[in-house]
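Here is a friendly walk through one model, from its cores out to its sheets and hairpins. Please keep the structure open while you read.

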Amino acid sequence: MITDIRPRLIEAALTGHHAENENLRHQDNFLSDYDLWMHRRYKELLVEVIPSFIYASEEADPEIIGPQADPDLCVLVDPLDTSELAVRSLYGYTHILVYSRSLARPIAAVVGDIFHHVQIYLAAMDEAGNDRALMITADGTQHPLEHTSHASLPEALITNYLMRPAQRFAPLAQQHELLKALGAPTESGKPKGRIGVDFGSIGLCHVAAGFTDAMIEFAKGFAIWDLSPGHYILHAAGGSVTDLHGKPIPLDYSLNSLSEINAAMNVRKKFIAAGNSNLSREIQEVLSQE
């Protein structure tokens with residue numbers, strides 16, 4: 001999928017033809033022809049791997065694919081994340097998660113980075129029931145994800161989806177205690193805390209790889225297709241994902257029926273994703289002071 005879509009997105013960026021569509025499902029989100037093409041193409045390709053499943057994409061209502069009337073597996077897809085940046089060849093990601101309804105948990109997730117050398121983040125349940133996480137670069141080199149960050153708050157690089165001025169950036173700028181904690185000097189006497197921008201599930205994957213220390217979302221909340229693939233990958237790497245009160249967010253997404261899947265597609269979750277539970281608690285404590 002990455003190989004197929006990348007040249008199309010580069011052409012869109014160079015020509016300025018971004019192929020924007022009216023988004024009837026999510027009116028405040030950017031939607032392009034490329035999102036819709038990937039939505040259809042995923043459905044075609046997945047049938048070759050999973051003969052029967054419930055297909056739950058950001059771009060359409062959930063539907064049953066294949067001969068089974070009530071298949072166990074639900075495949076959740078965000079075909080093209082950060083679409084408005086992808087058509088400018090800046091950032092582009094694609095998410096897929098396979099959820100077992102009988103186990104009430106994910107069994108596999110893949111997040112693809114369209115434009116960077118670090119290209120694939122994935123997690124899956126092995127035959128012994130253990131969750132394993134892995135990163136793959138464009139040259140095929142595989143790296144197990146087993147060493148998340150041990151940073152404390154004053155030295156942490158924390159990311160946030162701060163792209164939207166009113167909805168996201170302004171609430172972040174008002175988190176005075178968090179910014180104060182990140183600006184405090186460390187034992188070396190130098191302030192090392194940083195705020196960075198990140199996007200959807202890829203932000204949690206960066207925490208899983210140890211590239212960043214934490215990601216927070218306390219404004220609008222993430223939809224299930226943005227949160228769940230990265231949530232599972234970070235879980236498999238040994239990281240922590242909680243709500244803003246410090247309660248772990250479970251892997252049971254309540255995808256038991258078509259009606260529940262439809263309902264889940266309309267829920268947004270606020271969260272703290274961190275490389276270690278101590279950092280998660282530190283962030284939760286400073287956020288609670290606002």
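The largest nonpolar core has 44 residues, and those with the most contacts inside it are Tyr121, Leu145, Leu204, Ile224, Ile233, Leu255 and Phe271. Helix α7 (residues 224-237) is the top contributor to this core, giving eight residues. A second, separate core of 25 residues includes Ala12, Ile50, Tyr55 and Ile120. A nonpolar core here is a set of buried Ala, Val, Leu, Ile, Met, Phe, Trp, Tyr and Cys residues joined through side-chain atoms within 4.5 Å. Buried means under 20% relative accessible area, exposed over 50%, and partly exposed in between, with a 1.4 Å probe and protein chains only.

A note on the source: this is a predicted model, in which local features need pLDDT of at least 70 and side-chain atom pairs count only at pLDDT 80 or more, while totals for chains, interfaces and linings use all residues. Residues are numbered from 1 along each chain as its sequence is written, and side-chain values use heavy atoms, with hydrogens and water left out.

Which residues does Tyr121 contact, leaving aside neighbours within four places in sequence? Among them are Ala109, Leu145, His206 and Ile233, where contact means heavy atoms within 4.5 Å. His206 is found in helix α6 (residues 200-209) and counts as buried because its relative accessibility is 14%. Not counting residues up to four places away in sequence, His206 touches Tyr121, Asp198, Phe211 and Thr212.

Now to the strands. Helices (H or I, at least four residues) and strands (E, at least two) are DSSP runs, numbered from the N terminus; two strands pair if DSSP finds at least two bridges between them.

| Strand pair | Sense | Bridges |
|---|---|---|
| β6 (residues 93-100) and β7 (residues 105-113) | antiparallel | eight bridges |
| β7 and β8 (residues 118-125) | antiparallel | five bridges |
| β11 (residues 157-160) and β13 (residues 214-223) | parallel | two bridges |

Ala109 of β7 is the bridge partner of Leu97 and stands opposite Ala123 in β8. Four residues lie between β6 and β7 in their hairpin, and Ala104 in the turn has a positive phi of about 55°. β7 and β8 also form a hairpin, with four residues between them.

An open sheet of five strands runs β12-β11-β13-β15-β14, with mixed pairing. Its edge strands are β12 (194-197) and β14 (240-242), each pairing on one side only. Within this sheet, Ile158 has Ala214 in β13 as its bridge partner. Helix α4 (residues 165-173) lies across β11, β12, β13 and β15 (268-274), at about 135° to β13. Helix α7 packs on the sheet too, touching β13, β14 and β15, and its direction makes about 155° with that of β13. Axes are lines fitted to C-alpha atoms, for helices over the stretch in contact, and angles run from 0 to 180 degrees between N-to-C directions.
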